[in-house]
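Good morning, and thank you for joining. I would ask you to keep the structure in view while I take you through two regions of it.

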Amino acid sequence: MARTELDSQMLLGDLESILQYRLKRRDKERILEAYEFARFHHQEQVRDSGEPFVSHPVEVSKILAQFSADNDTIVAGLLHDIVEDCNVPLSEITEKFGETVSLIVDGVTKISNLKLNEKLESKVVKSRMKVETLRKMLLALSNDPRIIIVKLADRLHNMRTLDYLKDEEKRKDKARETIQIYAPIAHRIGMHKMQAELEDLSFKFEYPEEFKELKAKVNKKLKERQDIMDEYKNIVMRELRKNRIAARIEGRVKHLYSIWQKMVKKNRSFDEVFDLIALRIVTGDEVNCYKILGAAHSLWPPMPGRFKDYIAAPKSNGYKSLHTTLITHRGEPLEIQIRSERMHKEAEFGVASHWVYKEGIDVKDRSWFSQLVDWQKDLIESFKDIESISHELVQEEVFVFTPKGEVVHLPRGATPIDFAYAIHTEVGHHYAGAKVNDRLVPVNYELKLGDRVEVIVNKASDGPSLDWLKYVRANSTKAKIKRFFKNEYSNKLIERGKEIFRKISKRLAVAMDELIESEEIQHLMVRLGVHNENDLFAKLGDGSITMGEVLGILVPKDEEVETLPEETELVKQKQVKGNEVIVGGETGIAVYFAKCCTPLPGDDIVAVMSSRGISIHNRDCRNVRDISREKLVEASWTMASSEKFSAWIVVEFDSSDKSLMNKITERLESKNAKVKKYSVESGKWGYDTLMANILVKDVGQLTSVMENLRGMRGIQSVKRLGGVS
Ligand code: MN
């Protein structure tokens, strides 16, 4: 009894000294009551450290006091494990300690319960649990941020005492979970002090060797630089006194995990990352901040481009401070942060800073965590995908972050494209590049735990590239890319087929709808095994059936079907007896030359089989690109040709020179290129366009003719039609 008395008095004393104010009598009574209640129910339990279990809730309540937590929250901290570990009904807590305490304890219990089951579950369920845990946590959070603050304090104390856990794997598991789930949440609600300690502890247990090494390095450096730090502090302090500005100056050292992250992720050396000489000046109010800035800039010259006014323009998470970098008399950069006490508390405590100013956390004021609710929505969205594709769950996973600190869950080996698609399908489709931890990375970069990924989006891009399939990891990403191409491709085929069908209907002077309803077309669709008109159009579009075949069905046999030039973009320009081209190794085969690309001897050509014969196209003709492989036959020129071939050229020329048209035709004729026909169009920018159909022996002659024209005064450009230059 005596010992309990002493412990409870010690707790009150500790809490009062942490809180820096005297607790009211009523508050003291509640704390004592909660302590006794917890001690009684936990009396059988012992921590891994060998201490009585109640030492844990006591420490949690002290951590909460460090954040100036209100009395309900401190009491809830003392009781947070009671329901879960001791089967005390929640109603008893409500009765004894009130609605608010009970609500917080309940939220914490729900989160912890899910944790507890995790050990028993298979790998798949385990991952689901992780997702569920996160959700519950975030949902709890939207009810009352105090739940999450207690949970973070609970985790912090467990991490501080993780040394006592014997199983190394379990230690690492806890560390990983902390860095993946709890530290980002602390970051999100602005509790950066909490975040930093959680990260450093996780780092210590997950990478003990690296942690030890880095810690030693940092301490050594700090010792080396101590004198210089003090010198700078004194110089600044003297200047502030001279200007009668009250402020305190702290040396500022980044926490170990953030140093390590920069070294590993940005592949920098310790010296590059470790900006030792950084000072933080904390003062009374905003006006003083600017006065101090002026004083600092009068001491040493500021480095151009390094001044940031986050007071006038706070960061999106509400962060306020002035940042500047000075070049000291030693010729080295000195980073300085200037902020008011309030800004300082807000930067370190986040949502909890409301307690510091005795404002209380207004649960009804949603603005504080509306960001969190958004985060939650995003998370649930991104997890949905993962859940629906179950075998991804058993893959190892990697957690990465958006620039705002949101967690994105991806399979191990995932690349920035996977990340982009996880954010949103449209972001994926318009992916143009990515920065990981502020560095541009290649498309095949493998994302690592904790990477901060920023996607660069090009809204003007047409969509993904098929090459991406080589670089993505998540099956959901592959599915999204493939779906894009499937839609894209079939839409194009349908469009093209529809166009052909429109021509058929025009030729027959029957409305398209009517034509589709016709018995003949319905029969055709049955024969082709297609179920709707779009499928029929697609067949026409990919050339499975031709316009001629469809016309053949619709028009009685004895009626002559005139072949229109646009039907297949072919014209019976010249039927060659067969000595000009070799088709599939044979000469003497009757062929047509395509009008769309007008192939010339010397051009790289290909033969296309169609219902009306064999047509010869240039290999890179855009009409060939979409024709199915089995309809293409290798073709080449024989060298024995004496025939002339026609080709179209387009010449842009200066319209002010009236004699130029004649000079061009003269030049062409003089080069033995006979002009068969031509047309001239006047253009907008002082240039007219001549389209000429000329006869040449082969591509060599055409090239030299074109070169010759290009050398003429007043000629803007000379091109061969069909894109073949
Ligand atoms: Mn606990």
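Contact here means heavy atoms within 4.5 Å. The model under discussion is predicted. Helix α29, residues 660-670, lies across β16, β17, β18 and β19; its direction is at about 150° to β16.

What is the order of the strands in this sheet? The open sheet consists of 4 strands, arranged β17-β18-β16-β19, with antiparallel pairing. At the edges are β17 (674-682) and β19 (715-720), each of which pairs on one side only. On average, neighbouring strands are turned by 20° against each other, direction ignored. Within the sheet, strand β16 (residues 645-654) and strand β18 (residues 687-696) run antiparallel and are joined by 10 bridges.

I now turn to the metal site. Which residues coordinate the manganese ion? They are His 56 and His 80, each through NE2, and Asp 81 and Asp 154, each through OD, at 2.2 to 2.3 Å. Along the chain, these donors follow the spacing H-x23-H-D-x72-D. His 56 belongs to helix α3 (residues 55-66) and Asp 154 to helix α9 (residues 145-160), so this pair ties together parts that are 98 residues apart in sequence.

Are these two residues buried or exposed? Buried means under 20% relative accessible area. His 56 therefore counts as buried, at 1% relative accessibility, and Asp 154 counts as buried at 4%.

Methods:
Residues are numbered from 1 along each chain as its sequence is written. This is a predicted model: local features need pLDDT of at least 70, side-chain atom pairs count only at pLDDT 80 or more; totals for chains, interfaces and linings use all residues. Side-chain values use heavy atoms; hydrogens and water are left out. Donors are N, O and S atoms within 2.8 Å of the metal (3.2 Å for Na, K and Ca); water is not among the atoms, so sites may look incomplete. Helices (H or I, at least four residues) and strands (E, at least two) are DSSP runs, numbered from the N terminus. Buried means under 20% relative accessible area, exposed over 50%, partly exposed in between (1.4 Å probe, protein chains only). Two strands pair if DSSP finds at least two bridges between them. Axes are lines fitted to C-alpha atoms, for helices over the stretch in contact, and angles run from 0 to 180 degrees between N-to-C directions.
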